[in-house]
Amino acid sequence: MAMVSDAPKGNFRLSMLIYDTRYRSITIQVIVLGLFIAFVAWLLMNLQANLAAKDKDISYNFLFNRAGYDIDQQLIPYTNDSTHGRALFVGLFNTLAVSIAACFAATLIGVTAGVLRLSKNWIVGRLMTVYVEVFRNVPLLLWILLAFSIFAQVMPEPKDFKVTQEMVDQGLEPPVQKIFFDSIAITNRGTNVPAPVLDRPLGSFLVLDVPINLSVLAAIAVILGSFWVNSRIRASAKAIQEDTGFRPVTWWKSLLVLIVPITALLLALGFHWEIPAFAVGENGVSKGFNFVGGISLAHSFTALFLALSIYHGTYIAEAVRAGILAISRGQTEAAYALGMRPNRTMNLIILPQALRVIVPPLISQYLNITKNSTLGMAISYLDLKGTLGGITLNQTGRELECMLLMMLIYLFLSLTISVGMNIFNNSVKLKER
Amino acid sequence: MSNSHFVRTQMLPAQKPPVGETGVIKWMRENLFSSWFNAILTFIGMWAVYSLVSSSAPWFLNGVWTASSVDECRAIIAASAGEGASGACWAMINERWHQFMFGFFDREEYWRPLLAFALLFVALSPVLYFNLRRPTMIMVGGAGAVLVLLLWAVGTDGWHLSLAAAVMAALAALAWFAPKHLLWVTLAFPATAFFLLWGGSVWAPIGVMAGFGIAVLVWRALNGFIGVAPAALIAALVAFIWWGLVQSFVTEAMSQALPYFSLPAEDSDRFGGFLLSFVIGVSAISASLPIGILLALGRRSDMFLIKTLSVGFIEFVRGVPLITMLFTASLLLQYFLPPQTNFDLILRVIILVSLFASAYIAEVIRGGLAALPRGQQEAADSLGLDYWQAQRLIIMPQALKVAIPGIVSSFIGLFKDTTLVALVGLADPLQGITKVVKADIAWKAAYWEPFIFVGAIFFIFCFSMSRYSMYLEQKLKTDHH
């Protein structure tokens, strides 16, 4: 009986590079590498020839030249005398601002809509279905343009909020009032919201020309500290529960720890809201042309934020719904059999398991929100695409450098988000041995 | 003892259930008012529906369909519904729908995009129902009937109407007698659609297709001797030589010799509206499917270099926004091509969008591949199938089936994203065409009508596609849970 041992160790022949599977993969890889290098070399040669023909070079020195354009929403100080590099960072921070805000809002909307769509309530379930299907089957760009048009066309002019002499004489109110406890004014020029103001701020210092606000740092430190103490309290309560079987009442301790320190800090700093209003002349007549005080949010920001969060909220709602439906009915029934009420069943049994299914699509939605924030370009929101890939590109004429830098920054953002969220995903995922 | 005992000898008739346990009341108690929280939700929901309907219904009901300007619309509304009433001015859509649909094509050329659209369904039919007579026949016949109706509705002249009807009738006959051979229509569709849409001489698209034909012949000839991949490589080289060096002379000579078959050439800036969306969407998704399959296989490959290149490409493309790809098409591509090559912006956009979509399709297909048990690959190996045979006969049919919903939703996403081409200056239906229409002083004040019209059309297409993919998913499901 012939035994088949290892493959025959004959002499190496050249044809084995093609016919022998052990060597073929090497051949293929060498050929692919050769083709790839040839392709890249061809691109680079073309690039060189094109640059020579246009008498251009590749240089990033323009980042240190004066930008010369204004950006209306700036999270770090910027004037039109600043450099293109600084404009890049202003744009980057604007991208981050609208993306982070939209991620939070979309999660909120999505989780609510996803849970409500599964509700036994007929009318609410149907309404949520209509919301999800209508908003996700129509292009995002339409929602952005529509939101912007509504703000710019439908909202009242600032002068409609004014109190005139005649109104004072006849005891009338102005035609439009501020909403939300008389604090927010939406006009066709912008949305005026109250601004947090400190009477006795701690001051700030400059790092790389960016002011770091000490008061904000202090508030963050106090809040983090409170959360840490609270987690210690809960941990000790849990230890007692494991020991004795009784859980000590902790809610008032938690409440105290979470609320008192930050309130004390804010009181010490003299915190209050500055509400946008017209300057008031004698006997209550408004003066000036627009609101003073508060923060004026440009419509480009508000519209982009609203459209992104409502549009991506539908995708998150579908992810949440799919996640909850993926948990078998037996889990709910088992929880009911143990005597749990529906709310606690949802919080303690269904959601923790559903989270494993929900988190991966959630990550990709966060990535999509960040990437889709570039659509703000259609309504002149000056994010990274608007500054570096828009005005800077057009002014300096350096398409190659601007586009490459911008793509790399977006790539970096995406990779950062996906790495961070994957760490989170690993922490909630089922621990298997 | 008194005989006061009573024993019932007959059964009582069944009583009616309590009022609260039947019919509408029971349904309402269970579905609307099962708890106080639900009752609150119900009232909030009813209030939301009421406020939505009451605020928008008059606007829709007062809509005016025939007028020559927004001012005239307003005058009609004021006359019929009273001073200060608001209403939609659908007259704008009535007057300009053809621009939203066909961009800037001449009216007498509308039969070309419509015929191409109908041929798209003919080309799809053998892909969806290979060699099944009835469904392909229904699809081809249905496309033909709808095409004739549409052609009649846009007022095509009799000669082109009968030409289109004859073409569709011939294809229906083909579907009936030899449904297998419809696949040739699918293969010829890209060139046919290009010829119908862009026009010009018929020999240029034929020349391009001939390159593919030559490649297939070379591959067939070499496949038996040197294996699949090397043969494909050489075939691709030969095809590139044909396209790069030989083709232009041949097509030139042919169009000199036989100059009869040609359509008026359409410039790319005449493309717009949903025509543009469909051209970009359909060509990008069909180009991205094969590339995506190759990338997905590359990502799962054992070969380090191939895997690295695939992962690098997929992750790079998925990490950057589509807009940057579009701007690459409009600004950057010219730097990386030989000097003085200058081709059409739509074509550049299609290339970049295809590359963009292929990265997403690759991930969808990788998901399908991952869902297959390893035993399938091992079974194929034990039968002695080589890599490509195993992929073609065992792995891909199953993986693609699992991936269908993902592919359809990628296509829906891509179709919606075609509106972004407005940002590089093409006339998409949403922004580009709306701008053109509103440049007319008569329609300047129409803000909401274009949004609603374009949004409704997108909704109809995307919603029906997503429902179709859900139906397909149910139908193709072969497991038992």
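The side chains of R467(B) and E133(A) meet in a salt bridge, with 2.9 Å from N to O. This is a predicted model. Across the interface of chain A and chain B, the rule finds one salt bridge. The area buried between the two chains is about 5200 Å². One disulfide is counted over all chains.

**How chain A and chain B meet**

- Chain A brings 58 residues to the contact, and chain B brings 53 residues.
- Carbon and sulfur atoms give 75% of the area buried between chain A and chain B.
- Between these chains, 19 residue pairs are in polar contact, counting pairs with both residues at pLDDT 80 or more.
- Several helices of chain A each supply at least two residues of the side that touches chain B, among them helix 1 (16-19), helix 4 (122-136) and helix 5 (140-154).
- Helix 9 (299-326), helix 12 (384-396) and helix 13 (399-428) of chain A also each supply at least two residues of that side.
- Helix 2 of chain A gives the largest share of this side, with 16 residues.
- By class, the side of chain A that touches chain B has 39 nonpolar, eleven polar and eight charged residues.

**The disulfide in chain B**

- C73(B) and C89(B) form a disulfide.
- Their sulfur atoms are 2.0 Å apart.
- The torsion about the S-S bond of C73(B) and C89(B) is about 65°, so this disulfide is right-handed.
- C73(B) lies in helix 3 (residues 70-81) of chain B, while C89(B) lies in the loop between helix 3 and helix 4 (91-102), so the pair ties together parts that are 16 residues apart in sequence.
- Both C73(B) and C89(B) are buried.

**Two cysteines of chain A**

- C103(A) counts as buried because its relative accessibility is 14%, and buried means under 20%.
- C402(A) has a relative accessible area of 0%, so C402(A) is buried too.

**Around E318(A)**

- E318(A) sits in helix 9 of chain A.
- With a relative accessible area of 18%, E318(A) is buried.
- The side chains of E318(A) and R117(A) are joined by a polar contact of 2.5 Å.
- Leaving aside neighbours within four places in sequence, E318(A) is in contact with R117(A), V132(A) and R136(A).

Methods
Residues numbered from 1 in each chain as written. Chains lettered and ligands numbered in written order. Predicted model: local features only at pLDDT ≥ 70, side-chain atom pairs only at ≥ 80, totals over all residues. Heavy atoms only, no water. Contact = heavy atoms within 4.5 Å. Buried area = accessible area lost by both parts, 1.4 Å probe. Salt bridge = Lys/Arg side-chain N within 4 Å of Asp/Glu carboxyl O. Polar contact = N/O pair within 3.5 Å; in protein donor to acceptor, adjacent residues only side chain to side chain. Helix = DSSP H or I, 4+ residues; strand = E, 2+ residues; numbered from the N terminus. Nonpolar A, V, L, I, M, F, W, Y, C, P; charged D, E, K, R; others polar. Disulfide = S-S within 2.5 Å. Buried < 20%, exposed > 50% of the residue type's maximum accessible area, 1.4 Å probe, protein only.
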